[in-house]
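Reader: I'd like to learn how to read this one feature by feature. Can you take me through it, with the general idea before each case?

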Amino acid sequence: MRPPGIEPGSHFQYNLNMKIAVAKGDGIGPEIMEAVLNIFKAGKVPLQYEMVEMGKWVFDKGFSNGMTPEAKATIERLGILFKGPMETPKGKGVKSVNVTARKTWNTYANNREFQTLHGVDTVFSKAGIPIDITVVRENIEDTYGGIEHMLTHDVALSRRFITRPGSLQVIKYAFEMAKKKNARRITCGHKANIMKITDGLFLECFYEVAKDYPELKADDVIVDDLCMKLVTRPDLFDVVVLTNLQGDIVSDLCAGLVGGLGFAPSANIGDHICIFEAVHGTAPDIAGKNIANPTALLLSGLAMLRHVGLTENASVIENALLYTLEQGVHTGDFGDKSIPSVNTTQFADAIIGNFGKKPAVGAKEIIPNKPGTPEPLKLELNPMMVSVETGDETIVGVDLFIESDEQPVAIAEKCKRHAGVKFNLTNISNRGTQVWPTGSIYTNLVNQYNVRFESINDEPLNQQDVIGLYVSMSGNFKICSFELLNAWGDKKAYSMAQGQ
Ligand code: NAD
C-alpha cells in the first residue's frame, strides 16, 4: 500500500525552476512537443527540462524496453515525465514502452478530462449539451498484464488480474479527485454481472470507498449500458471510474464526444512518478508535415502544470488556447472548413499571441502559483500491497484445464478413475459452459476442457492432495494449467460454469 502519510501526488509540490523529464516521442511527437514547449517558454513557465531517450529509435538501438538506463534513472530522480506519443515496433516481440512506463512506475490512475471546447464543433456543442466528464481508468492491472498463453493449438488464454489493493488505490484517487472537482456524481463502470469475481471485487471496493465520501453521489452502471448512456446523455455524467480495458475503450468514446483525439489529454498518476501525455498516438500518416494538432498534448501539459502547483501559468495559457479556438483558428483535423487551417507552428504562435486574452466561454480563474518544497521519494524496497487476510482459507478442490478432443462422457469416465478417496468429479466445462454431468448436444466444443474436482464432504485439502491428483491425471491427459479452488469460510472464491 501507499507509504503512511503519502496521499496521491502529495509530493508534487515543487520549487520554482523545478526540473522535469521530457521525451519527445515518435511520429508527430517531436513537432507537437516543440510547439507546446514554445508555448510554455513564451508563457514564462518556470520549469527546466531534461530530455530523455525513449521510443521507437531506442528500441531500434537495442534497448528492449524502449528506454535507455539513463532515461529510467532521470525519470525516477525527477518524478515527472512529459512525453510525446511513442511507437512500439511491430512483430519484434517487444512490449509497448507506454504501457511499460505506466506499469513500471505504478502510475495506477489514468485521468482523462473531456470538456466541451467552445470553437470545437461537435453534435453535442451544436445541440447546446455541455460535456465535462473525467474518466479515471485503472492503469496497471486487468488484461494489460499481457500474461497470455496458448493452452492448445486452438485455445488462447489471457489472465485478467484485478486486485483489492490495486482497485482501492485507483478508486480512492478517483473519489479524492471528484471531491476536489466539486463533482455531482461518481459512477463505477463495470461488467460485474458477468465477471462476478473480478469486476465484482472492483465494484465492492468502489462502494467500500464511497462510504468515506457521503457528500458524493456514488452509483454504478454496467459498461455497455454506460456507453449507450454516454452517447445519448453525456451531460448526466461527471466522474467515471473503470478497470483498465473498459476504461481504455470508454475514454476513447468520450474523446469522440468532445471532438476527437486531438482534444484528449491524459495524466498517469502515481504516488512517486506521474506521466503526462496525449491520448493519441504517433499519427504516422501526418508525421513530419508540421500539420498535427498540438492541443491534446498542450492540455496534458496544463494538467501537469496544475499538478505541480503552477496554476497561474496553466490558466493564462489555457485562456489563450480557448480564445484561439473561439476565434476559429484550427489545424486541419477540426474546425470550420470554410476558414483555412493553420499548421502546428502557426497554431502555437496564435496561442502565444493571445496571452492575456479571455475566452467568452469557460474562462479559467487565475489562481496564483503554489510551488512548495520538493520531497523526492527514495524507496529502499518495492512497496508491498497486501490486505488483511481472514485466516479461514481452505482448499476445497481444483480445476484442471486439460487438452482433449474426446466427448465429455468419455472424459468423465476417465477422470473418475483418478478421483481417489479425496475428490469427487463434479463438473466438466468447455469454454465456461457445463458439458457434464448435464449439457446440450448443441454446445460446440473446442479441444480444451476444464475438469473440476471437489473434496468429498467439503473436507479441507492440501497442496499435496492436489499434486497427487495432477500426477495421476497426467497419465491420461495433457494438463495445460490448473487453479486451486479456495474458500474463505463459507464464501467460494471461484466461479461456477454456465449452467452449473
Ligand atoms: P493515432 O492516434 O496515432 O492516429 C489515429 C488517427 O488520428 C490518424 O488518422 C492520425 O492522423 C489522427 N491523429 C492523431 N493525433 C492527431 C493529432 N494530434 N493531430 C491531428 N491528427 C491526429 O493512432 P494509431 O494510428 O492507431 O497509432 C499509431 C502509433 O501510435 C502506433 O504505433 C501506436 O502503438 C502508437 N500509440 C502510442 C500511444 C502513446 O504513446 N501513448 C497511444 C496510442 C497509439
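Reader: Let's start with Lys44: is it buried or exposed?

Author: Lys44 has a relative accessible area of 70%, so it is exposed. Before going on, keep in mind that this is a predicted model, where local features need pLDDT of at least 70 and side-chain atom pairs count only at pLDDT 80 or more, while totals for chains, interfaces and linings use all residues. Residues are numbered from 1 along each chain as its sequence is written, and side-chain values use heavy atoms, with hydrogens and water left out.

Reader: Where does Lys44 sit, and what is its phi?

Author: Helices (H or I, at least four residues) and strands (E, at least two) are DSSP runs, numbered from the N terminus. On that scheme Lys44 is in the loop between helix H1 (29-42) and strand E2 (47-51). Its phi is positive, about 55°, although Lys44 is not a glycine. Asn182 also has a positive phi, near 55°, and is not a glycine either. You'll find Asn182 in the loop between H6 and strand E8 (185-190), and it is exposed at 67% relative accessible area.

Reader: Which peptide bond is cis?

Author: Check omega: the bond joining Trp436 and Pro437 is cis, with omega about 5°. Pro437 is in the loop between strand E15 (433-436) and E16.

Reader: Now loops again. Is Thr68 buried or exposed?

Author: Thr68 is in the loop between helix H2 (56-60) and helix H3 (69-78), yet it counts as buried, at 3% relative accessibility. For its surroundings we use contact, meaning heavy atoms within 4.5 Å. Not counting residues up to four places away in sequence, Thr68 touches Glu53, Val58 and Phe63. Thr68 and Val58 are 10 residues apart in sequence, and their C-alpha atoms are 7.0 Å apart.

Reader: And Arg417, buried or exposed?

Author: Arg417 is exposed, with a relative accessible area of 62%. It is in the loop between helix H13 (408-416) and strand E14 (423-430). The C-alpha atoms of Arg417 and Ser472 are 9.3 Å apart, though 55 residues separate them along the chain.

Reader: What about Arg137 and Arg452: buried or exposed?

Author: Arg137 counts as buried, at 3% relative accessibility, and Arg452 is buried with a relative accessible area of 3%. Arg137 is in strand E5 (residues 132-138), while Arg452 is in strand E16 (residues 448-455).

Reader: Which side chains make polar contacts with those two?

Author: A polar contact is a pair of N or O atoms within 3.5 Å; within protein, one must be able to donate a hydrogen and the other to accept it, and residues adjacent in sequence count only if both atoms are side-chain atoms. The Arg137 side chain makes one with the side chain of Asn244 at 2.8 Å and another with that of Asp248 at 3.4 Å. For Arg452, the partner is the side chain of Asp399, at 2.7 Å. Beyond four places in sequence, the residues that Arg452 touches also include Tyr494 and Gln500.

Reader: How do I read the nonpolar cores?

Author: In soluble globular proteins, nonpolar side chains tend to be buried together. A nonpolar core is a set of buried Ala, Val, Leu, Ile, Met, Phe, Trp, Tyr and Cys residues joined through side-chain atoms within 4.5 Å. Here the largest has 71 residues, and those touching the most other members include Phe40, Val136 and Leu305. Helix H6 (residues 164-180) gives the most to this core, with 8 residues. Apart from it lies another core of 22 residues, among them Ile395, Cys415, Val466 and Phe477.

Reader: Last one: which residues come nearest to the ligand?

Author: A residue is near a molecule if one of its heavy atoms lies within 4 Å of it. There are 20 residues around the ligand, and Met86, Gly281, Ala283, Asp285 and Asn293 come nearest. A backbone N or O atom of Met86 lies 2.8 Å from a ligand oxygen atom, and a backbone N or O atom of Gly281 lies 2.7 Å from a ligand oxygen atom.

Conventions:
Buried < 20%, exposed > 50% of the residue type's maximum accessible area, 1.4 Å probe, protein only.
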